[in-house]
Each structure stands twice: as C-alpha cells, then as structure tokens.
Amino acid sequence: MDPQYEEALNLVSVGAGKIVSALGGAFAGAGVAFWFQNRRENKIKRNAQFEALVRAQHALYFMWSVVAGLRYKYLDESRTDPKRHRMLRINWLPEHHVPIDFNALTFLHRQGSTTLLTQLYVAERAYLSAIDAVRERNQLVFRAIPTPDKEYQFDPKSKLLGMRVDPLMDSLLESATTALYHSVDGGMSRCEDAFAELRKAAKRMFPKNKPFLRDENLTKDGFFASHGQKAPADN
C-alpha cells in the first residue's frame, strides 16, 4: 500500500477513535445528568405526596374535632331528654373551614386507593351537613322566640321557651333537632372511617415516616385530652 494512503488511514482511525470516545463521554455524562434529574424530580414528587397526605389528615382531624365538640359538649347532655328540642341552646360555630385538597390527592387513584378518595369526599360532605344542621336549627330557635307582647314561659336553665310553643313550630324544631343529632353522629363516623383508611394508605406509601396522626386522636379520650381535660364517664 502506498505510504501516503496508509498514513491517511491511520489519521482517520485516530480521529474516529477520538470522536467515538468523545461521543461516549458525552452520552455517559448526559445519562448521569438524566439520572440525577429524574431522582430529584421523584424526590420532589414524593415530598409533595407526603405533604398532601399530612394536610388531608389534619383537615379531617379539624372537621372531626368540630363535630366531636358538638356531640360531647352540646348534644350528649340532652340526648335522652324527650324535650331536648326545647332544651338545646343556640350553638355558635366557627366560620373557618379547612377543606380537603382533592387536586393534591389525585395520586391516590394511581395507588389503587380510588375508594379512599370517595370516602374523603363523603366525610367532608357529612361534616358540612352537620354544620348546616346546626345553623338550620339555630334559625328555627330564633323564629320560635315570641315577641314581647306574647305570653310564654321561660326556662332559666336552657334560656329557651317553656311549654307555650306554637305546635307547628314545636314540631319543626323537634324534627330539626333530630336531624342535628343524626348529622353530627354521622359526620363523626364518616370522618373516623376516612381518617383510618387515609392513615393506612399513608403508612403503605411512607412506612418509615412517623409524623402521621394516630387513630387514637379521633376518640373521646383523645378529644378531651387535646383540651387538657379528662373524658367524662359514659352514662
């Protein structure tokens, strides 16, 4: 072979080797960068999922605490009283509501927890129904209070009306009071069920994380302990 041709081939071979080596290094570098970027994005996604679960837990706990307060400190005292619809005072509720962020929890659908999303929705609706029941009864109580020119009996214990109540209004008040008891009891139950299932899903996804609220927080003892009190004995 002509020496000139041989020298040219050697130059091409050396150049090609350098090009291949450079391309290989570039691809390796890109692969490492892609791996780190993907890992970073997965970590961000996992952190967002963890935070969404924690926020959902606290939203449920807030809702449960409100309806638990209605039951333990408002309704239970007169639960068995046949005249409870007249004895219950007006109850003032907090205006603040911590909603569940369902947009941040859509990943539960991919985790096979589609029924959990439904439970969370039902729990929130049950809480709102309980709040509506309190307000509707409050309005009826305001309507039942007679004007000063009408004769009526006044109960100093309940601060409400005695026996001289319009029969129709009395019936409406009794129905609203019964609905209030059912709504509050149902709201507590729905929140407790959803909370338990949410915690199970959270522990499956993040088994090593411990800051999730425990089911014991949503109990009578847990409610009074959070207020620095001891739970009264059940009748």
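User: Is Arg71 buried, partly exposed or exposed?

Analyst: This is a predicted model, and the class of a residue follows from its relative accessible area. Buried means under 20% and exposed means over 50%. Arg71 has a relative accessibility of 27%, so Arg71 counts as partly exposed.

User: Which residue meets the side chain of Arg71 in a salt bridge, at 3.9 Å from N to O?

Analyst: Side chains of opposite charge can pair when their charged atoms come close. A salt bridge needs a side-chain nitrogen of Lys or Arg within 4 Å of a carboxyl oxygen of Asp or Glu. At 3.9 Å from N to O, the partner of Arg71 is Asp76.

User: What is the N to O distance in the salt bridge of Arg79 and Asp76?

Analyst: Asp76 is partly exposed, with a relative accessible area of 25%. Arg79 is also partly exposed, at 25%. Their side chains meet in a salt bridge with an N to O distance of 3.0 Å.

User: How many salt bridges does the structure hold?

Analyst: One of them joins Glu216 and Arg214, at 3.4 Å from N to O. Glu216 is partly exposed at 47% relative accessible area, and Arg214 is partly exposed at 48%. For the structure, the number of salt bridges is 7.

User: Which residues form a nonpolar patch on the surface with about 380 Å² of accessible area together?

Analyst: A residue in a patch needs over 30% relative accessible area and no salt bridge. Phe142, in helix 4 (residues 114–144), is partly exposed at 44% relative accessibility. The patch with about 380 Å² of accessible area is formed by Trp92, Phe142 and Ile145.

User: Which residues form one aromatic cluster with Tyr61?

Analyst: Rings of Phe, Tyr and Trp pair if their centres lie within 6.5 Å. By this rule the structure has 9 aromatic pairs. The residues in one cluster with Tyr61 are Trp64, Tyr72, Phe223 and Phe224.

User: Over the ring of which residue does the charged end of Arg84 sit?

Analyst: For Arg, the CZ atom has to be within 6 Å of the ring centre and within 35 degrees of the ring normal. The charged end of Arg84 is 3.9 Å from the centre of the ring, and that ring belongs to Tyr181.

Conventions. Residues numbered from 1 in each chain as written. Predicted model: local features only at pLDDT ≥ 70, side-chain atom pairs only at ≥ 80, totals over all residues. Heavy atoms only, no water. Buried < 20%, exposed > 50% of the residue type's maximum accessible area, 1.4 Å probe, protein only. Patch = residues over 30% accessible without salt bridge, like charges linked within 9 Å, V, L, I, M, F, W, Y side chains within 5 Å. Areas by Shrake-Rupley, 256 points an atom, 1.4 Å probe, with all protein chains shown as cover. Helix = DSSP H or I, 4+ residues; strand = E, 2+ residues; numbered from the N terminus. Phe/Tyr/Trp six-rings, centres within 6.5 Å; stacked < 30°, edge-to-face > 60°.
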